[in-house]
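Dear colleague,

Please find the structure below, handed over for your records. My findings follow it.

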Amino acid sequence: MQLKKGLGWKACYDEERNLYTAQTSWRGDYHLYEINAEIWSQLGEPGVDSDELIHSGRHLYYSQDSPIGPPTDMVMDENYAELCPWANIQNSGK
């Protein structure tokens, strides 16, 4: 597995499964995405908004734990944990 990290994001390329995935987190929002090789290759490059690129991928999971609303967990792909075993998955837990 190859990992890339930046401020508020982390991405993984799993060579065995030829699978690219990423997570973003900021102020109580946590997202998991499946991305493609093109997105992966641009992550972390100068002048590139890596969060925006990641958010253009296939959304797998979303968790929000905000002080202004109820905690929310949304699953878009029930296999999100299997697709992203490297991720520190954050659930709202409520």
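Two strands are said to pair if DSSP finds at least two bridges between them. Strands (E, at least two residues) and helices (H or I, at least four residues) are DSSP runs, numbered from the N terminus. This is a predicted model, in which local features need pLDDT of at least 70 and side-chain atom pairs count only at pLDDT 80 or more, while totals for chains, interfaces and linings use all residues. Residues are numbered from 1 along each chain as its sequence is written, and side-chain values use heavy atoms, with hydrogens and water left out.

Strand β4 (residues 29–35) is largely enclosed by the rest of the structure, because 5 of its 7 residues are buried (under 20% relative accessible area, 1.4 Å probe, protein chains only). On one side, 7 bridges join β4 to strand β3 (residues 19–26) in the antiparallel sense; T21 has E34 as its bridge partner there. The hairpin of these two strands has 2 residues between them, and R27 takes a positive phi near 50°. Strand β5 (residues 58–64) is also antiparallel to β4, over 6 bridges, and H59 in β5 is the bridge partner of Y33.

Y33 also belongs to the largest nonpolar core, which has 12 residues in all; such a core is a set of buried Ala, Val, Leu, Ile, Met, Phe, Trp, Tyr and Cys residues joined through side-chain atoms within 4.5 Å. Two or more residues each come from β2 (9–14), β3, β4, α1 (37–42) and α2 (50–55), with the largest share, 3 residues, from β2. Another core, of 11 residues, lies apart from it and includes L19, L60, L83 and C84.

Yours sincerely

Key. Buried means under 20% relative accessible area, exposed over 50%, partly exposed in between (1.4 Å probe, protein chains only).
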